[in-house]
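Subject: Structure handover

Hi,

Here is the structure for you to look over. Please open it alongside this note.

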Amino acid sequence: MRTILSLNDNWKFFKAPHPEDTGDEIVTLPHTWNAVDGQDGGNDYHRGTCWYERKLSKPELEAGHRVWLEVKGAAMTAEVYLNGEKLARHEGGYSTFRVDLTDHLKDDNVLAISVDNSDNDTVYPQKADFTFYGGLYRDVNLIVVPAVHFELGYCGTPGIKVTPIVDLEKQSAQVAVEAWVEGDAKQVTFTVAGQIQTAVPAQGRAQAAFTIENVHLWDGVDDPFLYTASAALDSGDEVSARFGCRKFEIDPQKGFLLNGRSYPLRGGSRHQDRQGAGNALTLEHHKEDMAIIRELGANTLRLAHYQHAQEFYDLCDENGIVVWAEIPYITMHMKNGRANTLSQMEELIVQCYNHPSIAVWGLSNEITAASAVNEELLENHRALNDLCHKLDATRPTTMADVFMLEIESPILEIPDVNSYNLYFGWYLGELEQNDEFFDEYHEKYPDRCIGFSEYGADANPQYQSAAPEKGDYTESYQCVYHEHMLAMIEARPWLWATHVWNLFDFAADGRDEGGKNGQNQKGLVTFDRQLKKDAFYLYKAAWNKTEPFVHLCGSRYVDRTEDVTEIKVYSNQSEVSLYVDGRLLASQTGRTVFKFQVPITGEHSIEARSGSCCAVMLVRKVDALNPDYALPGRATVVNWFDQGENDPTCFSVSDKLGEIQAHPQAGPIINQMMAQGAASRGDVATAVKDNPGLVRMMGRMTLLSLLKQSGADAESIQQLNRVLQGIKKS
Ligand code: GCU
């Protein structure tokens, strides 16, 4: 019999070096020392070595029993000491590791674990847009097992590996079960779906093959049916794993298929942290996130940018959410980091293999953002790709590519399927460039599976606007942005997976923007999970098929200066009626987004109804913009380049760079201006010039967008506009 004892309580915590005078801060796991300073901005959160220390009495042991320490998450590097003797070191902040304490235990012991999240050049992540919290932020346990027991030491293995292969025609599944044994076991008894088989281990490994007829499929969010496989030893040790019988396919033209039917993966990403708790999450936190995800109606999650808690993968299994799992090989390739990418990937796959929800293994994220595509980078990716295929013959590999990576890059040939992170319409360029990018990519590479691994726009729910625009951090613009993206995605079912970045705001201590210091606000839900932004309800309207609702956008936009204001309703119903001060204004039939133009003169009650669903809010006509609605210091958004002021037969800054550059008279003017600008920007311009993909992308951006991006002042933009207005387009 295996006994698991929690060691979460009574840890003395202190920061190294350990000055004698530190008070004894006693903490309970899960714990992070960056719960506060990792979320308040300034990029000054504590990164270093800290110590956790506690007394440990030797448990009562039967002859031959072994005592293992199990650490489920120590970020980012940990060393384990027992009575001052160093027993182990683990590099990787997101996976489980175990240490055999048995031969070092006295009756009474001091167990110490040093944990380090310092800068270094070997353990990923080192450069990314999220806080690298430090701590023992998941459970720590003691596992007591008989002398003959299932494997515990190798890569934090569950000891049992289950491989279900479905035959849809026969409606059956072949289930291979393997188990690894420590000690002299005579036989292993396997049980799967009520069937029992025994096997004799050879070189510590036992296996059995089962057939499940009339198999009950794991069918995504509609029916995530789970079986259990178990393995037992005569010694009494036993391990088990739940598994799901499903068939995943990814096709370049059809996109994602589940159990033979089209099943486009539509969802978002999640970081494992929360306001006030850091990454020291409880099961309740995980369950609350999953409930929000189910309300949204997503059928997939990208669990970025690292291995998440087993409890969360379990929740994805139970809820039928298809998962993209990945390691934190991110942003910048490190010459000394190769071994760590391989060890983190090996632990991820060994520990998570049995989860039916996991569909792909992510090799890296935007790794070319700060690194050239050279042979070393390519080799590291090939090594990872081969490792994934060796450890798991059933799942494809993928990677999330940064928008500047040209689609001709050789690195894109390495993973089995591709996916891009694009931020056109937020960081740069126009919303339409997302459509153009994917259509060009799909046309040029019709045999490549293409996904959309990140897209998003920051929104602070306090900020509102009647004229939302890119970069204003308003809840209003986030809606405009996602309405475009949703329509773009729905028109491209061959996108095998699309993941909103992000479902939840998260800590990025290096950020200070959008009125919140230390946060990335691209979430559809706020960091504390207390507020679902309007854009959340856009996707709920498109994806949630079970809960009828209507949602009024702009409930936080009370004070309005416009005489006629747009009232937007998101709903998964086909008919919506709008009432103003109790009187029916209009009814519309449609899908997802319903827009009404409403004259306002004073204070009005606005009500949206559909059947028994209804939502109510208040709006008030005012003369002056409410300053609370705009990012402090941001000029009031008045689009002085209103197309109506420009002569459309002549060029203006609102035209696309490529069109202007192609004109014999306008082109030289712009090219000379950019050449002067490039001289000041140095290698960035060179990088652009040498990157045909980037040149193509910039050509599609409006000159105005690029000028704003480059920080040009209004006066110089107007001056250039006047020059261009003097040039006929013909
Ligand atoms: C990148 C990156 C994310 C980051 C996001 C953003 O695509 O992969 O980790 O948070 O951009 O800038 O919001």
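Below is what was found in it, from the whole chain down to single residues.

First, the ground rules. This is a predicted model, in which local features need pLDDT of at least 70, side-chain atom pairs count only at pLDDT 80 or more, and totals for chains, interfaces and linings use all residues. Residues are numbered from 1 along each chain as its sequence is written, and side-chain values use heavy atoms, with hydrogens and water left out.

**Overall**

The protein has 13 helices and 43 strands. Helices (H or I, at least four residues) and strands (E, at least two) are DSSP runs, numbered from the N terminus. The radius of gyration is 28 Å, close to the 27 Å that the globule rule gives for 730 residues, so the protein is as compact as a globular protein of that length. That radius is taken over C-alpha atoms, and the globule rule is 2.2 Å times the number of residues to the power 0.38. The C-alpha trace spans about 90 × 60 × 50 Å along its principal axes.

Buried residues make up 58% of the 730 residues. Buried means under 20% relative accessible area, exposed over 50%, and partly exposed in between (1.4 Å probe, protein chains only). Of the contacts with a separation of 6 or more, 69% come from residues 24 or more positions apart. Contact means heavy atoms within 4.5 Å.

**The barrel**

Eight strands form a closed barrel with parallel pairing, in the order β26-β27-β28-β29-β30-β31-β32-β33. Neighbouring strands of this sheet are turned by 25° against each other on average, direction ignored. Axes are lines fitted to C-alpha atoms, for helices over the stretch in contact, and angles run from 0 to 180 degrees between N-to-C directions.

Strand β26 (residues 265-270) runs parallel to strand β33 (residues 497-500), and 4 bridges join them. Two strands count as paired if DSSP finds at least two bridges between them. Arg266 has Thr498 in β33 as its bridge partner.

Helix α3 (residues 338-352) packs on this sheet and touches β28 (322-326) and β29 (358-365). The direction of α3 makes about 170° with that of β29. Helix α6 (residues 475-490) packs on the sheet too, touching β26, β32 (450-455) and β33. Its direction makes about 170° with that of β32.

Take a look at Ile489, which is found in α6. Ile489 is buried, with a relative accessible area of 3%. Which residues does Ile489 touch, not counting those up to four places away in sequence? They are Arg266, Phe452, Tyr455, Leu495 and Thr498. Arg266 and Thr498 are the bridge partners named above.

**Helix α4**

Helix α4 (residues 375-391) has 17 residues and reaches 24 Å from its first C-alpha to its last. That is close to the 24 Å expected at 1.5 Å a residue. The expected span is 1.5 Å times one less than the number of residues. The buried residues of α4 include Leu377, Asn380, His381, Leu384 and Cys388. Their cover includes β14, α3, β29 and β30 (397-401).

An open sheet of 6 strands has the order β3-β2-β4-β10-β7-β8, with antiparallel pairing. The edge strands are β3 (25-27) and β8 (85-91), and each pairs on one side only. Inside the sheet, β2 (residues 11-15) and β4 (residues 49-57) pair in the antiparallel sense over 4 bridges. Phe14 has Trp51 in β4 as its bridge partner.

Strands β14 (residues 160-167) and β15 (residues 172-182) run antiparallel, joined by 8 bridges. Ile160 is partnered by Ala179 in β15. This hairpin has 4 residues between its strands, and Gln171 in the turn has a positive phi of about 55°.

Strands β34 (residues 506-513) and β35 (residues 516-520) also run antiparallel, with 4 bridges. Ala507 is partnered by Gln519 in β35. Here 2 residues lie between the strands, and Gly514 takes a positive phi near 65°.

**Helix α13**

In α13, Ile717, Leu720, Asn721, Leu724 and Gln725 are buried. Seen down the axis of α13, the buried residues fall within an arc of 140°, so they line one face of the helix. The arc is that of the directions from the helix axis to the C-beta atoms.

Best wishes
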